[in-house]
Amino acid sequence: MELKKKTITNSPSETKKLGKILAKKILQKSQKTKNATVIGLKGDLGGGKTTFLQGFAKGLGLKENIVSPTFIILKRFPVKKRNFYHIDCYRIEKQKEILDLGFRKIIQSNKNIIVIEWADRIKNIMPKGAFWISFDFLSKNKREIRRPSKV
Ligand code: ADP
Ligand code: MG
C-alpha cells in the first residue's frame with residue numbers, strides 16, 4: 001500500500017480522489033496476507049475522514065454513499081466477495097464497545113477491509129500492521145493528509 005507521505009488537498013473531491021486511489025491499490029494487492037486490511041484515520045473534526053472514505057468506498061466499487069453515522073458505530077458493506085467495514089469511534093467511551101462488536105474476529109479475516117475513523121481512540125486494540133492516515137484542517141478548503149510517523 002502506498003500513499004505519499006504528505007499531500008495537501010484543496011477541495012473535497014481531491015480528498016475523495018486520494019481515497020479512491022488507496023482503495024484501488026488495496027484491491028490490486030493479492031489477498032496473500034492472513035489478516036484483514038485495517039486503515040486507521042485520525043485527526044481534526046471536519047478534517048476530511050468521512051470525505052476520504054466516500055472516495056475509498058467508490059474505489060472499492062460500492063454504490064452506497066458513506067455518511068457519518070450518528071448512532072451506528074459499525075457498518076458492513078459486502079463488495080466483490082469481500083466485506084468493507086466502516087467503523088466510527090467518535091462516540092465511543094471505551095474500546096470495549098468496539099471489542100463487543102466482534103472486532104478481534106473481523107480483523108482476522110483477509111476478506112475484510114476495515115476503515116476506522118477516530119482510530120486513535122482504540123489505539124491499544126488496533127493491529128500492529130494497521131495503515132494510519134492523519135487529517136489536519138489547514139483552512140476552509142485545505143486539508144493536510146499524511147502518514148503519521150507516530151500514532
Ligand atoms: P471528518 O470525518 O474528519 O470529521 P468530514 O469529511 O465529515 O470530516 O468533513 C469535512 C468537511 O470539510 C466536509 O464538509 C467537506 O465538504 C469540507 N471540505 C472542504 N475542503 C475539504 C478538503 N480539501 N478535503 C476534505 N473535506 C473538505
Ligand atoms: Mg467523520
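Residues are numbered from 1 along each chain as its sequence is written, and chains are lettered from A and ligands numbered from 1 in the order in which they are written. In this predicted model, local features need pLDDT of at least 70 and side-chain atom pairs count only at pLDDT 80 or more, while totals for chains, interfaces and linings use all residues; side-chain values use heavy atoms, with hydrogens and water left out.

Helices (H or I, at least four residues) and strands (E, at least two) are DSSP runs, numbered from the N terminus. Two strands are taken to pair if DSSP finds at least two bridges between them. An open sheet is formed by 7 strands, in the order β1-β7-β6-β2-β5-β4-β3, with mixed pairing. At the edges stand β1 (6–9) and β3 (74–79), each of which pairs on one side only. On average, neighbouring strands of this sheet are turned by 20 degrees against each other, direction ignored; axes are lines fitted to C-alpha atoms, for helices over the stretch in contact, and angles run from 0 to 180 degrees between N-to-C directions.

Strands of a sheet pair through backbone hydrogen bonds, either parallel or antiparallel. The antiparallel sense is found between β3 and β4 (residues 82–88), which pair over 6 bridges; here Lys75 stands opposite His86 in β4. By contrast, β4 and β5 pair in the parallel sense, over 6 bridges, and Asn83 stands opposite Asn112 in β5. Strands β2 and β5 also run parallel and are joined by 5 bridges, with Ile116 in β5 as the bridge partner of Gly40.

Helix α1 (residues 12–28) lies across β1, β2 (37–43), β4, β5 (112–117), β6 (131–139) and β7 (142–146), and runs at about 140 degrees to β1. Helix α2 (residues 49–60) packs on the sheet and touches β2, β3, β4, β5 and β6; its direction makes about 165 degrees with that of β5.

Strand β5 is mostly covered, with 6 of its 6 residues buried. Asn112, Ile114 and Ile116 are buried on one side of β5, and Ile113, Val115 and Glu117 on the other.

In soluble globular proteins, nonpolar side chains tend to be buried together. A nonpolar core is a set of buried Ala, Val, Leu, Ile, Met, Phe, Trp, Tyr and Cys residues joined through side-chain atoms within 4.5 Å. The largest such core holds 23 residues, of which Leu22, Ile39, Leu41, Phe56, Phe84 and Ile133 touch the most other members. Two or more residues each come from α1, β2, α2, β3, β5 and β6, and α2 gives the most, with 5 residues. Apart from residues up to four places away in sequence, the contacts of Ile133 include Leu3, Leu22, Ile39, Phe52, Ile145 and Pro148. A second, separate core of 19 residues includes Ala36, Ile114, Ala119 and Ile125.

The protein donors of the magnesium ion (ligand 2) are Thr50 (OG1) and Glu117 (OE), lying 2.2 Å from it. Donors are N, O and S atoms within 2.8 Å of the metal (3.2 Å for Na, K and Ca); water is not among the atoms, so sites may look incomplete. The pair links distant parts of the chain, with Thr50 in helix α2 and Glu117 in strand β5, 67 residues apart. Both Thr50 and Glu117 are buried.

A salt bridge is a side-chain nitrogen of Lys or Arg within 4 Å of a carboxyl oxygen of Asp or Glu. The whole structure contains 4 salt bridges. One of them joins the side chains of Glu144 and Lys6 (3.8 Å, N to O), linking strand β7 to strand β1 across 138 residues. Glu144 counts as buried because its relative accessibility is 14%, whereas Lys6, at 48%, counts as partly exposed. Arg146 forms a salt bridge with Asp136, the closest N and O atoms being 3.2 Å apart. Arg146 lies in strand β7 and Asp136 in strand β6, 10 residues apart. Both are partly exposed, Arg146 at 26% relative accessibility and Asp136 at 22%. Glu144 and Arg146 also meet in a salt bridge through their side chains (3.2 Å, N to O), and Lys6, Asp136, Glu144 and Arg146 are linked in a network of salt bridges.

Terms used
Contact = heavy atoms within 4.5 Å. Buried < 20%, exposed > 50% of the residue type's maximum accessible area, 1.4 Å probe, protein only.
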